[in-house]
Amino acid sequence: MKAIVLPIIATLAALSLPLVAKAENPAHVKQLLETGACAGCDLVGANLQAAHLIGADLRNANLEGANLTYANLEGADLTGANLKNADMTSSFATNAVFNNANMSGVNLANARMINAETFGANLTNINIAGSDIYGSGISVGGER
């Protein structure tokens, strides 16, 4: 019985590996954290929790599914960035630029976004529960 069960468990474990694999480019994460400039970077699923990204250049970066909880994005430029399903819980994005960004499914719970630009951004299915959002075009109904 052991001879049959062990290969099945090994096969199931191997099949689940792609589901937990990281997709971000480690060199891009390092570049962003060291220089604050990472336009067009691959940051899919990156763990940027509590990162200090004030004024960062993230134009056209792919941040899909990234962990940006407690991140400081004050004045960052995320024009055209893909933030689909990113977690921005308790982030600080005052004066950040999200123009033409894909923010579909972004969790902005308890975030602070004062005067953030969101012109042309995809704001479908965002969570703004408990957030302080003023002057950004984000409201209960989405883009104004």
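Predicted model: local features only at pLDDT ≥ 70, side-chain atom pairs only at ≥ 80, totals over all residues.
Student: OK, which residues does threonine 94 touch?
Tutor: Not counting residues up to four places away in sequence, threonine 94 touches Leu73, Glu74, Gly75, Arg112, Met113 and Ile114.

Student: And is threonine 94 buried or exposed?
Tutor: Threonine 94 has a relative accessible area of 10%, and it counts as buried because that term means under 20% relative accessible area, with exposed over 50% and partly exposed in between (1.4 Å probe, protein chains only).

Student: Switching topic, how many disulfides are there?
Tutor: A search of the whole structure finds one disulfide, a term for a pair of cysteine sulfur atoms within 2.5 Å. The disulfide joins cysteine 38 to cysteine 41, with S to S at 1.9 Å.

Student: What's the handedness of that link?
Tutor: The link of cysteine 38 and cysteine 41 is left-handed, with -95 degrees about the S-S bond.

Student: Are those cysteines buried or exposed?
Tutor: Cysteine 38 is buried, with a relative accessible area of 0%, and cysteine 41 is buried as well, with a value of 3%.

Student: Last one, what does phenylalanine 98 touch?
Tutor: Leaving out residues up to four places away in sequence, phenylalanine 98 touches several residues, among them Leu78, Leu83, Met103, Met113 and Ala121.

Conventions
Residues numbered from 1 in each chain as written. Heavy atoms only, no water. Contact = heavy atoms within 4.5 Å.
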